Amino acid sequence: MVNQDTKHLKEPDRSVAQDIRRRNERAFRQIIIDGSQEGLFAVDSPKLASFSIREMCVSIARWLRDNRETLPSSVAQQYGDYALRVVGARG
């Protein structure tokens, strides 16, 4: 939702939101790169993996809003497991 909604923001809010998004993307990517270098993750593309995880984070609010059958804590656990699989977590 954040990715699509920034175009509706006025300055300077749009720039602030886009900067936060870019910083989050870089942080996710750096964690994945560091984990790969330490042998904790096995991933071909840290950029693609970080994008995938970020998109999961952004869309979870929309998914939870539409799905009242699953507890947020259960979704959080499953999303965490998915993210670890995306980066090829070892151990």
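Residues are numbered from 1 along each chain as its sequence is written, and side-chain values use heavy atoms, with hydrogens and water left out.

Now the overall picture. The chain has four helices and zero strands, and from the N terminus on the elements run α-α-α-α; helices (H or I, at least four residues) and strands (E, at least two) are DSSP runs, numbered from the N terminus. Along its principal axes, the C-alpha trace spans about 45 × 35 × 15 Å, and of the 91 residues of the chain, 20% count as buried.

How confident is the predictor, and where is confidence lowest in the chain? The mean pLDDT, which is the predictor's confidence in each residue from 0 to 100, is 87 for the chain, and 91% of the residues reach 70 or more. Confidence is lowest in helix H1, residues 2-5, at a mean of 58, and highest in helix H2, residues 13-37, at 93. Where pLDDT is low, the predicted coordinates should not be read in detail.

Let us stay with helix H2, which has 25 residues and reaches 36 Å from its first C-alpha to its last, close to the 36 Å expected at 1.5 Å a residue; the expected span is 1.5 Å times one less than the number of residues. The buried residues of H2 are Ala17, Glu25, Ile32 and Gly35. Ala17 counts as buried because its relative accessibility is 18%, and, leaving aside neighbours within four places in sequence, Ala17 is in contact with Thr6 and Leu9, contact meaning heavy atoms within 4.5 Å. After H2 comes Gly39, whose phi is positive, near 80°.

Glu25, also in that buried set, brings us back to charged pairs, and the structure holds five salt bridges. Glu25 forms one with Arg54, the closest N and O atoms being 3.0 Å apart. Glu25 lies in helix H2 and Arg54 in helix H3, so this pair ties together parts that are 29 residues apart in sequence. Both Glu25 and Arg54 are buried. Arg54 also forms a salt bridge with Glu55, with the closest N and O atoms 3.8 Å apart; Glu55 is partly exposed, with a relative accessible area of 27%. Salt bridges that share partners join Glu25, Arg29, Arg54 and Glu55 into one network.

Which residues make up the largest nonpolar core? There are nine of them: Ile32, Phe41, Ala49, Ile53, Met56, Val75, Tyr79, Ala83 and Val87. A nonpolar core is a set of buried Ala, Val, Leu, Ile, Met, Phe, Trp, Tyr and Cys residues joined through side-chain atoms within 4.5 Å. The elements that give two or more residues to this core are helix H3 (46-66) and helix H4 (72-86). Ala83 touches Ile53 and Met56, not counting residues up to four places away in sequence.

Tyr79, a member of that core, takes part in the one aromatic pair that the structure holds. Tyr79 and Tyr82 form a tilted pair, 6.1 Å centre to centre with 45° between the planes. For the cut-offs, rings of Phe, Tyr and Trp (its six-membered ring) pair if their centres lie within 6.5 Å, and planes under 30 degrees apart count as stacked, over 60 as edge-to-face and the rest as tilted. Both tyrosines lie in helix H4, three residues apart, about one turn of the helix. Tyr79 counts as buried because its relative accessibility is 19%, whereas Tyr82, at 34%, counts as partly exposed.

Finally, a look along the sequence: Ser45, in the loop between H2 and H3, and Val87 are 42 residues apart in sequence and 8.8 Å apart in space, C-alpha to C-alpha.

Note on methods:
Buried means under 20% relative accessible area, exposed over 50%, partly exposed in between (1.4 Å probe, protein chains only). A salt bridge is a side-chain nitrogen of Lys or Arg within 4 Å of a carboxyl oxygen of Asp or Glu.
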